[in-house]
Amino acid sequence: DKGNHRHFMQKEIYEQPVVVAQTLRSYLRRMENQIAMPDMDFDLGGVKRITIVACGTSFYAGLVAKYWIEKFARVPVDIDVASEFRYREPVLEPGGLALFISQSGETADTLAALRHARAEGQIIAVVVNVPTSSMAREADLLLPTHAGPEIGVASTKAFTCQLAVLAALAANLARAKGKLTPEEEAEIVWHLSEAPAALNEALGRDGQIEAMAHLIAPARDVLYLGRGPDYPMALEGALKLKEISYIHAEGYAAGEMKHGPIALIDDAVPVIVIAPSGPLFEKTVSNMAEVQARGGKVVLISDAEGIAIAGEGCMATIAMPQVHPLIAPLVYAVPVQLLAYHVAVAKGTDVDQPRNLAKSVTVE
Ligand code: M6R
(Lines give C-alpha, C1' and ligand atoms only; values in the text may rest on other atoms or scores of the structure.)
Protein backbone atom coordinates (compact mmCIF):
# COMPACT_ATOMS: atom_id res chain seq x y z
CA ASP A 1 0.00 0.00 0.00
CA LYS A 2 1.50 3.31 -1.09
CA GLY A 3 -0.69 5.36 1.25
CA ASN A 4 -0.74 8.98 0.10
CA HIS A 5 2.35 8.51 -2.00
CA ARG A 6 2.62 8.25 -5.73
CA HIS A 7 5.33 5.58 -5.66
CA PHE A 8 6.72 3.08 -3.19
CA MET A 9 10.09 4.76 -3.54
CA GLN A 10 8.64 8.06 -2.40
CA LYS A 11 6.87 6.39 0.51
CA GLU A 12 10.08 4.64 1.53
CA ILE A 13 12.12 7.85 1.34
CA TYR A 14 9.57 9.44 3.67
CA GLU A 15 9.64 6.53 6.11
CA GLN A 16 13.31 7.08 6.89
CA PRO A 17 13.05 9.19 10.06
CA VAL A 18 10.76 6.55 11.60
CA VAL A 19 12.60 3.43 10.47
CA VAL A 20 16.03 4.81 11.29
CA ALA A 21 14.73 5.66 14.78
CA GLN A 22 13.29 2.16 15.01
CA THR A 23 16.61 0.63 13.96
CA LEU A 24 18.62 2.81 16.34
CA ARG A 25 16.38 1.82 19.24
CA SER A 26 17.77 -1.70 19.17
CA TYR A 27 21.41 -0.52 19.02
CA LEU A 28 21.44 2.38 21.48
CA ARG A 29 20.84 2.39 25.20
CA ARG A 30 19.90 6.02 25.52
CA MET A 31 19.63 6.02 29.33
CA GLU A 32 23.09 4.51 29.81
CA ASN A 33 24.61 6.47 26.88
CA GLN A 34 25.85 3.20 25.44
CA ILE A 35 25.86 1.29 22.20
CA ALA A 36 24.15 -2.09 22.47
CA MET A 37 24.85 -5.13 20.29
CA PRO A 38 23.24 -8.57 20.21
CA ASP A 39 25.08 -11.25 22.23
CA MET A 40 28.08 -12.69 20.43
CA ASP A 41 29.83 -15.97 21.08
CA PHE A 42 33.17 -14.57 19.94
CA ASP A 43 35.37 -11.78 21.22
CA LEU A 44 34.82 -8.66 19.13
CA GLY A 45 37.91 -7.11 20.72
CA GLY A 46 39.98 -9.93 19.24
CA VAL A 47 39.02 -9.16 15.63
CA LYS A 48 42.18 -8.25 13.71
CA ARG A 49 40.82 -7.40 10.30
CA ILE A 50 37.43 -6.82 8.74
CA THR A 51 36.43 -7.74 5.21
CA ILE A 52 33.26 -6.08 3.96
CA VAL A 53 31.40 -7.54 1.00
CA ALA A 54 28.17 -6.35 -0.62
CA CYS A 55 26.61 -5.21 -3.92
CA GLY A 56 25.12 -1.97 -5.21
CA THR A 57 23.74 0.41 -2.63
CA SER A 58 24.62 -1.99 0.19
CA PHE A 59 28.23 -1.84 -1.01
CA TYR A 60 28.17 1.95 -0.66
CA ALA A 61 26.93 1.58 2.93
CA GLY A 62 29.95 -0.69 3.40
CA LEU A 63 32.28 1.98 2.00
CA VAL A 64 31.01 4.45 4.59
CA ALA A 65 31.51 1.78 7.27
CA LYS A 66 35.14 1.40 6.22
CA TYR A 67 35.76 5.07 7.02
CA TRP A 68 34.02 4.75 10.36
CA ILE A 69 35.60 1.47 11.48
CA GLU A 70 39.12 2.56 10.60
CA LYS A 71 38.63 5.97 12.20
CA PHE A 72 37.03 4.86 15.46
CA ALA A 73 38.29 1.32 16.04
CA ARG A 74 41.60 1.49 14.10
CA VAL A 75 40.89 -1.98 12.68
CA PRO A 76 41.97 -2.39 9.03
CA VAL A 77 39.09 -2.90 6.62
CA ASP A 78 39.10 -4.46 3.16
CA ILE A 79 36.08 -3.99 0.99
CA ASP A 80 34.94 -5.62 -2.24
CA VAL A 81 31.89 -5.90 -4.39
CA ALA A 82 30.69 -9.46 -3.97
CA SER A 83 31.12 -10.44 -7.60
CA GLU A 84 34.84 -9.68 -7.41
CA PHE A 85 35.56 -10.99 -3.93
CA ARG A 86 35.53 -14.73 -4.45
CA TYR A 87 37.50 -14.80 -7.65
CA ARG A 88 40.41 -12.64 -6.60
CA GLU A 89 41.52 -15.22 -4.03
CA PRO A 90 41.41 -12.83 -1.08
CA VAL A 91 43.78 -13.45 1.82
CA LEU A 92 41.57 -14.28 4.80
CA GLU A 93 43.58 -14.86 7.93
CA PRO A 94 42.44 -16.38 11.24
CA GLY A 95 40.94 -13.79 13.55
CA GLY A 96 39.24 -12.00 10.67
CA LEU A 97 35.62 -11.01 10.58
CA ALA A 98 33.76 -10.91 7.28
CA LEU A 99 30.80 -8.52 7.17
CA PHE A 100 28.09 -8.90 4.55
CA ILE A 101 25.55 -6.16 3.95
CA SER A 102 22.34 -6.88 2.09
CA GLN A 103 18.80 -5.56 2.18
CA SER A 104 17.31 -8.82 0.91
CA GLY A 105 19.80 -11.22 2.46
CA GLU A 106 19.47 -13.26 -0.73
CA THR A 107 21.73 -11.57 -3.32
CA ALA A 108 23.47 -14.51 -5.02
CA ASP A 109 26.94 -12.99 -5.26
CA THR A 110 26.91 -11.82 -1.65
CA LEU A 111 25.64 -15.16 -0.38
CA ALA A 112 28.29 -17.06 -2.33
CA ALA A 113 30.94 -14.70 -0.91
CA LEU A 114 29.62 -15.38 2.60
CA ARG A 115 29.98 -19.13 2.10
CA HIS A 116 33.48 -18.65 0.76
CA ALA A 117 34.49 -16.58 3.79
CA ARG A 118 32.96 -19.17 6.12
CA ALA A 119 34.97 -21.93 4.41
CA GLU A 120 38.08 -19.79 4.91
CA GLY A 121 37.48 -19.65 8.65
CA GLN A 122 36.19 -16.10 9.01
CA ILE A 123 33.65 -15.04 11.63
CA ILE A 124 30.50 -14.12 9.71
CA ALA A 125 28.52 -10.98 10.53
CA VAL A 126 25.58 -9.79 8.44
CA VAL A 127 23.56 -6.60 8.24
CA VAL A 128 20.27 -7.60 6.60
CA ASN A 129 16.75 -6.24 6.41
CA VAL A 130 15.03 -9.63 6.04
CA PRO A 131 15.61 -11.52 9.30
CA THR A 132 14.48 -14.85 7.81
CA SER A 133 16.82 -14.60 4.80
CA SER A 134 19.57 -17.06 3.88
CA MET A 135 22.31 -14.67 5.01
CA ALA A 136 20.61 -14.13 8.36
CA ARG A 137 20.43 -17.90 8.89
CA GLU A 138 24.09 -18.45 8.04
CA ALA A 139 25.57 -15.72 10.24
CA ASP A 140 27.45 -15.89 13.53
CA LEU A 141 26.35 -12.35 14.26
CA LEU A 142 23.04 -11.08 12.88
CA LEU A 143 22.63 -7.31 12.88
CA PRO A 144 19.15 -6.61 11.58
CA THR A 145 17.99 -3.34 10.09
CA HIS A 146 14.39 -2.54 10.96
CA ALA A 147 13.44 -0.73 7.78
CA GLY A 148 10.36 -2.87 7.12
CA PRO A 149 9.66 -4.31 3.66
CA GLU A 150 11.28 -2.31 0.86
CA ILE A 151 9.29 -2.57 -2.37
CA GLY A 152 10.87 0.03 -4.67
CA VAL A 153 13.72 -1.47 -6.70
CA ALA A 154 15.83 1.56 -5.79
CA SER A 155 17.02 1.00 -2.25
CA THR A 156 16.44 3.99 0.04
CA LYS A 157 15.30 3.33 3.59
CA ALA A 158 17.24 0.06 3.81
CA PHE A 159 20.40 2.06 3.03
CA THR A 160 20.02 4.65 5.79
CA CYS A 161 19.11 1.90 8.26
CA GLN A 162 22.25 -0.01 7.21
CA LEU A 163 24.28 3.13 7.93
CA ALA A 164 22.69 3.42 11.38
CA VAL A 165 23.61 -0.18 12.23
CA LEU A 166 27.12 0.19 10.81
CA ALA A 167 27.80 3.33 12.84
CA ALA A 168 26.74 1.44 15.97
CA LEU A 169 28.95 -1.50 14.99
CA ALA A 170 31.96 0.77 14.42
CA ALA A 171 31.47 2.36 17.85
CA ASN A 172 31.01 -1.02 19.52
CA LEU A 173 34.15 -2.34 17.92
CA ALA A 174 36.02 0.77 19.03
CA ARG A 175 34.86 0.17 22.59
CA ALA A 176 35.86 -3.51 22.42
CA LYS A 177 39.30 -2.40 21.21
CA GLY A 178 39.68 0.06 24.08
CA LYS A 179 39.67 2.98 21.65
CA LEU A 180 36.58 4.73 22.99
CA THR A 181 36.17 6.49 26.32
CA PRO A 182 32.72 6.43 27.93
CA GLU A 183 32.49 10.17 27.11
CA GLU A 184 33.23 9.53 23.43
CA GLU A 185 30.72 6.70 23.36
CA ALA A 186 28.08 8.98 24.92
CA GLU A 187 28.80 11.55 22.21
CA ILE A 188 28.32 9.01 19.46
CA VAL A 189 25.04 7.89 21.03
CA TRP A 190 23.99 11.51 21.18
CA HIS A 191 24.86 12.24 17.54
CA LEU A 192 23.15 9.10 16.27
CA SER A 193 20.05 9.96 18.28
CA GLU A 194 19.86 13.24 16.39
CA ALA A 195 19.65 11.48 13.02
CA PRO A 196 15.86 10.96 12.82
CA ALA A 197 15.10 14.65 13.42
CA ALA A 198 17.79 15.66 10.93
CA LEU A 199 16.34 13.26 8.33
CA ASN A 200 12.97 14.91 8.86
CA GLU A 201 14.48 18.30 8.29
CA ALA A 202 16.18 17.07 5.12
CA LEU A 203 12.79 15.84 3.86
CA GLY A 204 11.57 19.39 4.33
CA ARG A 205 13.60 20.33 1.22
CA ASP A 206 11.48 18.10 -0.99
CA GLY A 207 9.55 20.93 -2.65
CA GLN A 208 12.73 22.81 -3.47
CA ILE A 209 14.36 19.68 -4.91
CA GLU A 210 11.28 18.91 -6.99
CA ALA A 211 11.36 22.44 -8.36
CA MET A 212 14.95 22.01 -9.55
CA ALA A 213 14.48 18.59 -11.18
CA HIS A 214 14.06 20.34 -14.54
CA LEU A 215 17.69 21.49 -14.31
CA ILE A 216 18.88 17.88 -14.29
CA ALA A 217 16.25 16.07 -16.36
CA PRO A 218 17.55 17.21 -19.79
CA ALA A 219 21.17 16.27 -19.00
CA ARG A 220 22.86 13.36 -20.73
CA ASP A 221 25.54 13.01 -18.08
CA VAL A 222 25.69 14.07 -14.45
CA LEU A 223 28.67 13.95 -12.07
CA TYR A 224 28.50 13.63 -8.29
CA LEU A 225 31.42 14.62 -6.07
CA GLY A 226 32.10 13.98 -2.39
CA ARG A 227 35.00 13.44 -0.01
CA GLY A 228 35.66 11.11 2.92
CA PRO A 229 32.53 9.37 4.18
CA ASP A 230 30.52 11.57 1.81
CA TYR A 231 32.34 10.16 -1.23
CA PRO A 232 30.21 6.99 -1.11
CA MET A 233 27.20 9.30 -1.08
CA ALA A 234 28.35 10.63 -4.45
CA LEU A 235 28.48 7.05 -5.72
CA GLU A 236 25.05 6.38 -4.27
CA GLY A 237 23.58 9.55 -5.78
CA ALA A 238 24.90 8.55 -9.20
CA LEU A 239 23.56 5.00 -8.89
CA LYS A 240 20.11 6.24 -7.89
CA LEU A 241 19.98 8.62 -10.85
CA LYS A 242 21.18 5.99 -13.37
CA GLU A 243 18.85 3.36 -12.04
CA ILE A 244 15.56 5.22 -12.17
CA SER A 245 16.02 8.14 -14.58
CA TYR A 246 18.35 6.38 -17.08
CA ILE A 247 20.65 9.41 -17.11
CA HIS A 248 24.31 8.47 -17.22
CA ALA A 249 25.85 9.52 -13.91
CA GLU A 250 29.17 8.93 -12.16
CA GLY A 251 30.28 9.51 -8.61
CA TYR A 252 33.86 10.59 -7.97
CA ALA A 253 36.01 11.35 -4.99
CA ALA A 254 36.21 15.16 -5.30
CA GLY A 255 40.02 15.09 -5.37
CA GLU A 256 40.06 12.66 -8.32
CA MET A 257 38.40 15.13 -10.70
CA LYS A 258 41.67 16.62 -11.84
CA HIS A 259 42.98 13.15 -12.73
CA GLY A 260 40.66 12.76 -15.68
CA PRO A 261 36.96 13.36 -15.28
CA ILE A 262 37.39 17.14 -15.30
CA ALA A 263 37.86 16.78 -19.08
CA LEU A 264 34.12 16.05 -19.26
CA ILE A 265 33.13 19.38 -17.77
CA ASP A 266 31.14 21.83 -19.82
CA ASP A 267 27.91 23.67 -19.19
CA ALA A 268 25.83 20.66 -20.23
CA VAL A 269 27.11 18.37 -17.46
CA PRO A 270 25.57 19.24 -14.09
CA VAL A 271 27.88 18.52 -11.15
CA ILE A 272 26.27 17.68 -7.82
CA VAL A 273 28.64 18.46 -4.96
CA ILE A 274 27.96 16.83 -1.60
CA ALA A 275 29.85 18.88 0.96
CA PRO A 276 28.67 19.27 4.55
CA SER A 277 30.69 21.88 6.43
CA GLY A 278 33.40 20.26 8.52
CA PRO A 279 37.03 19.25 8.30
CA LEU A 280 36.89 18.26 4.60
CA PHE A 281 34.73 21.14 3.38
CA GLU A 282 37.45 23.49 2.18
CA LYS A 283 39.15 20.81 0.11
CA THR A 284 35.91 19.81 -1.59
CA VAL A 285 35.10 23.43 -2.30
CA SER A 286 38.45 23.97 -3.99
CA ASN A 287 37.68 20.97 -6.24
CA MET A 288 34.29 22.54 -6.91
CA ALA A 289 35.95 25.81 -7.89
CA GLU A 290 38.06 23.91 -10.45
CA VAL A 291 34.82 22.67 -12.01
CA GLN A 292 33.29 26.15 -12.02
CA ALA A 293 36.40 27.67 -13.57
CA ARG A 294 35.78 25.37 -16.55
CA GLY A 295 32.20 26.47 -17.00
CA GLY A 296 30.70 23.60 -14.97
CA LYS A 297 27.22 24.08 -13.49
CA VAL A 298 27.22 23.09 -9.83
CA VAL A 299 24.42 22.05 -7.51
CA LEU A 300 25.84 22.38 -4.00
CA ILE A 301 24.32 20.25 -1.25
CA SER A 302 25.62 21.61 2.04
CA ASP A 303 24.40 23.31 5.21
CA ALA A 304 23.74 27.00 5.86
CA GLU A 305 27.37 27.55 6.84
CA GLY A 306 28.71 25.82 3.73
CA ILE A 307 26.28 27.56 1.42
CA ALA A 308 27.18 30.94 2.90
CA ILE A 309 30.84 30.27 2.09
CA ALA A 310 30.55 28.57 -1.30
CA GLY A 311 27.00 28.92 -2.58
CA GLU A 312 27.66 31.91 -4.80
CA GLY A 313 28.11 31.03 -8.43
CA CYS A 314 26.30 27.70 -8.09
CA MET A 315 23.41 26.82 -10.40
CA ALA A 316 21.44 25.79 -7.30
CA THR A 317 21.98 24.97 -3.64
CA ILE A 318 20.17 22.58 -1.33
CA ALA A 319 20.43 23.42 2.37
CA MET A 320 20.69 20.52 4.78
CA PRO A 321 20.50 20.86 8.54
CA GLN A 322 23.79 21.50 10.34
CA VAL A 323 24.77 18.03 11.55
CA HIS A 324 27.74 16.27 13.08
CA PRO A 325 29.98 14.71 10.38
CA LEU A 326 29.17 11.24 11.77
CA ILE A 327 25.54 11.41 10.68
CA ALA A 328 26.09 13.47 7.52
CA PRO A 329 26.06 10.39 5.23
CA LEU A 330 22.60 9.43 6.54
CA VAL A 331 21.20 12.93 6.21
CA TYR A 332 22.73 13.64 2.79
CA ALA A 333 21.26 10.41 1.44
CA VAL A 334 17.86 12.13 1.47
CA PRO A 335 18.54 14.92 -1.07
CA VAL A 336 20.28 12.56 -3.51
CA GLN A 337 17.36 10.13 -3.28
CA LEU A 338 14.81 12.91 -3.75
CA LEU A 339 16.71 14.42 -6.65
CA ALA A 340 16.83 11.08 -8.50
CA TYR A 341 13.18 10.51 -7.69
CA HIS A 342 11.95 13.85 -9.03
CA VAL A 343 14.12 13.68 -12.13
CA ALA A 344 12.70 10.22 -12.88
CA VAL A 345 9.14 11.46 -12.33
CA ALA A 346 9.85 14.44 -14.60
CA LYS A 347 11.11 12.04 -17.27
CA GLY A 348 8.12 9.75 -16.83
CA THR A 349 10.07 6.55 -16.17
CA ASP A 350 8.77 3.63 -14.13
CA VAL A 351 10.21 4.67 -10.77
CA ASP A 352 9.39 1.55 -8.75
CA GLN A 353 10.15 -0.98 -11.49
CA PRO A 354 12.97 0.45 -13.60
CA ARG A 355 13.76 -1.37 -16.82
CA ASN A 356 16.13 -4.35 -16.78
CA LEU A 357 16.32 -4.47 -12.97
CA ALA A 358 14.99 -6.80 -10.29
CA LYS A 359 14.58 -6.05 -6.59
CA SER A 360 16.63 -9.01 -5.56
CA VAL A 361 19.40 -10.35 -7.80
CA THR A 362 19.46 -14.07 -7.12
CA VAL A 363 21.64 -15.07 -10.07
CA GLU A 364 25.40 -14.64 -10.27
O1 M6R B 1 19.45 -6.92 -1.36
P2 M6R B 1 20.83 -6.34 -1.51
O3 M6R B 1 21.09 -5.23 -0.59
O4 M6R B 1 21.90 -7.41 -1.39
O5 M6R B 1 20.91 -5.78 -2.98
C6 M6R B 1 22.10 -5.23 -3.48
C7 M6R B 1 21.87 -4.47 -4.76
O8 M6R B 1 21.31 -5.30 -5.74
C9 M6R B 1 20.96 -3.26 -4.54
O10 M6R B 1 21.43 -2.41 -3.56
C11 M6R B 1 20.79 -2.46 -5.85
O12 M6R B 1 22.00 -1.86 -6.19
C13 M6R B 1 19.68 -1.43 -5.69
N14 M6R B 1 18.73 -1.56 -6.75
C15 M6R B 1 20.18 -0.01 -5.64
O16 M6R B 1 19.16 0.91 -5.51
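This is a predicted model: local features need pLDDT of at least 70, side-chain atom pairs count only at pLDDT 80 or more; totals for chains, interfaces and linings use all residues.

Reader: Let's start with Cys 161. Is it buried or exposed?

Author: Cys 161 is buried, with a relative accessible area of 0%. Buried means under 20% relative accessible area, exposed means over 50%, and partly exposed is in between, using a 1.4 Å probe and protein chains only.

Reader: And what about Cys 55?

Author: Cys 55 counts as partly exposed, at 25% relative accessibility.

Reader: How many disulfides are there?

Author: Zero, if a disulfide is a pair of cysteine sulfur atoms within 2.5 Å. The sulfur of Cys 55 is too far away for a bond, because the closest cysteine sulfur, in Cys 161, is 19 Å from it.

Reader: Okay, new topic. How many residues of strand E6 are buried?

Author: Six of its six residues, 123–128, are buried. Strands (E, at least two residues) and helices (H or I, at least four) are DSSP runs, numbered from the N terminus.

Reader: Which way do the E6 residues point?

Author: Ile 123, Ala 125 and Val 127 point one way, while Ile 124, Val 126 and Val 128 point the other way. In a regular strand the side chains alternate between the two faces of the sheet.

Reader: Which strands pair with E6?

Author: Strand E5 (residues 96–102) pairs with E6 in the parallel sense over six bridges, and Ile 101 stands opposite Val 127. Strand E7 (residues 141–144) also runs parallel to E6, joined by four bridges, with Val 126 opposite Leu 142. Two strands pair if DSSP finds at least two bridges between them.

Reader: What polar atoms lie by the ligand's oxygen atoms?

Author: A polar side-chain atom of Ser 102 lies 2.6 Å from a ligand oxygen, and a polar backbone atom of Gln 103 is 2.6 Å from a ligand oxygen. For Ser 155, a backbone N or O atom lies 2.9 Å from an oxygen atom of the ligand.

Notes. Residues are numbered from 1 along each chain as its sequence is written. Side-chain values use heavy atoms; hydrogens and water are left out. A polar contact is a pair of N or O atoms within 3.5 Å; within protein, one must be able to donate a hydrogen and the other to accept it, and residues adjacent in sequence count only if both atoms are side-chain atoms.
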